[in-house]
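Subject: Structure for your review

Dear colleague,

Please find below the structure that I am handing over to you, together with its sequence.

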Amino acid sequence: MKKIIAVLVTFFLIIGLIFIAIGNTNNNNTEKTDKITVVTSLFPEYDFVKQIGKDKVDVKILLPPGTESHTYEPTPKDIVNINEANMFIYTSNQMEPWAEKIAESIDSNTIILQAGQNINLIEVEHNHEETDEEEHTSDAHIWLNPNNAIKMVENITDKLCEISPENAECFKNNANEYIEELKKLDTEIEEVVINSKTKKLVFGGEFAYIYFLDRYSLEYATAYDGCGEGAEPSAKKIKEIIDIINDEKIPVIFYEELSEGKIAKMIADETSAKALVFNTVHNVTNADLENGITYISIMRENLDKIKIALR
Ligand SMILES: [Zn+2]
């Protein structure tokens, strides 16, 4: 009798284990197929997708932290990752010219979206000191105006709803809530600018801020002409910036994140200005991601420094 009971107990134990095992594989499968997989080029798109899709999306950023965003060379593994994803999002052909080439070479069903597709670009002036010629190129860092961020969120939401109509209502609700947050951020920045004594910001790092400056009607002076061009400012230009800081008693010189800010710190040493980071939100570190950094949290941190710069 004891033997029969032992055999029965073992039998039911095995059956039980089999059921648990089947249950587990089923769970894994549904989890894999349920989520929309998205690859984004940069951090703003990554964060926007997360805010809209929440637990219904699985998002990855293509560019490693601190990588130069404009001249990036995608690896074969990047292409594989994009091919396997449901969706690839980048800012625009102007911002990431390399992404346009990826888009052309993708042979899968991956849906490709330029999040900034319907946003007007602003032209910036470049002065060639040797020839004294002026050149105009369009700047592509559109997300630094929160109103453009809203348009990007709307574009991403539309595409996510197309990919997954059964979740469309949820995506639209999340997007609307998030857009309210972005509007709040925009108002906060506007109020700081309106209530400040001075309206000029000075930059001693890669220049990516025209959309921000344009939105809040701020004046500016910059040592660098643009972003990702690799050309250091001339001694004449640096002298010009030092004079502006001294003449107008500018308290802060800004430089971009994930850089040493060599020129900005040099200018700070020559003047009474402090060198501070104005984060351009191209991309972030892994530690930042683990700490749950967001577009809005970065912009609020920027705002704290702008308060110091505008007094
Ligand atoms: Zn840039």
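The following paragraphs describe the sheets, and then the packing of the helices.

Please keep in mind throughout that this is a predicted model.

**The sheet built from β1 to β4**

Four strands form an open sheet in the order β2-β1-β3-β4, and their pairing is parallel. The edge positions are taken by β2 (57-61) and β4, each of which pairs on one side only. From one strand to the next, the twist averages 20°.

Strand β1 (residues 36-40) pairs with β2 in the parallel sense, over five bridges. Within this pair, Thr37 has Asp58 of β2 as its bridge partner. Helix α2 (residues 43-53) packs on the sheet, where it touches β1, β2 and β3. The direction of α2 makes about 170° with that of β2.

At the other end of the strand order, strand β3 (residues 87-90) and strand β4 (residues 111-114) run parallel and are joined by four bridges. Met87 stands opposite Ile111 of β4. Together with helix α4 (residues 97-105), β3 and β4 make a β-α-β unit that is right-handed.

**The sheet built from β7 to β10**

A further open sheet of four strands has the order β8-β7-β9-β10, again with parallel pairing. Here β8 (219-222) and β10 (274-277) stand at the edges; each has a single partner strand, so one side of each is left without a neighbour in the sheet. The twist in this sheet averages 35° from one strand to the next.

For readers who wish to trace the pairing, strand β7 (residues 200-203) runs parallel to β8 and is joined to it by four bridges. One of the pairs places Leu201 with Tyr220, its bridge partner in β8. Four bridges also join β9 to β10, and these two strands run parallel. Phe254 has Leu276 of β10 as its bridge partner. The strands β9 and β10 belong, with α9, to a right-handed β-α-β unit.

Helix α8 (residues 235-248) lies across β7, β8 and β9 (252-255), and runs at about 145° to β7.

**Packing of α8 with α9**

How do the two helices α8 and α9 pack, and at what angle? Helix α8 packs with helix α9 (residues 262-270) at an angle of about 50°, and their axes are 10 Å apart. The angle makes α8 oblique to α9. Their crossing is right-handed. On the α8 side, the residues are Ile238, Ile241, Ile242 and Ile245, and they meet Ile263, Ile267 and Glu270 of α9. By class, this contact has six nonpolar residues, no polar residues and one charged residue.

**Packing of α6 with α5 and α11**

Helix α6 takes part in two of the helix pairs described here, one with α5 and one with α11.

Helix α5 (residues 146-163) packs with α6 at an angle of about 175°, with the axes 10 Å apart. An angle of that size makes α5 roughly antiparallel to α6. From α5, the contact includes Pro146, Ala149, Ile150, Val153 and Leu160; among the residues that α6 brings are Phe171, Tyr178, Ile179, Leu182 and Leu185. The contact of α5 with α6 has 13 nonpolar, two polar and two charged residues.

Helix α6 (residues 168-194) also packs with helix α11 (residues 295-310), at an angle of about 5° and with the axes 10 Å apart. This makes α6 roughly parallel to α11. The contact is made by Glu181, Leu185, Glu188, Ile189, Val192 and Val193 from α6, and by Ile296, Met299, Leu303, Ile306, Lys307 and Leu310 from α11. These residues divide into nine nonpolar, no polar and three charged.

With kind regards

Methods: Residues are numbered from 1 along each chain as its sequence is written. This is a predicted model: local features need pLDDT of at least 70, side-chain atom pairs count only at pLDDT 80 or more; totals for chains, interfaces and linings use all residues. Two strands pair if DSSP finds at least two bridges between them. Axes are lines fitted to C-alpha atoms, for helices over the stretch in contact, and angles run from 0 to 180 degrees between N-to-C directions. Two residues are in contact if their C-beta atoms, placed from the backbone, lie within 7 Å. Angles under 35 degrees count as roughly parallel, over 145 as roughly antiparallel, 65 to 115 as roughly perpendicular and the rest as oblique. A crossing is left-handed if the near helix is turned anticlockwise from the far one by less than a right angle, and right-handed if clockwise. Ala, Val, Leu, Ile, Met, Phe, Trp, Tyr, Cys and Pro count as nonpolar, Asp, Glu, Lys and Arg as charged, and the others, Gly among them, as polar. A crossover is right-handed if, with the strands pointing away from the viewer, the path from the first strand over the helix to the second runs clockwise.
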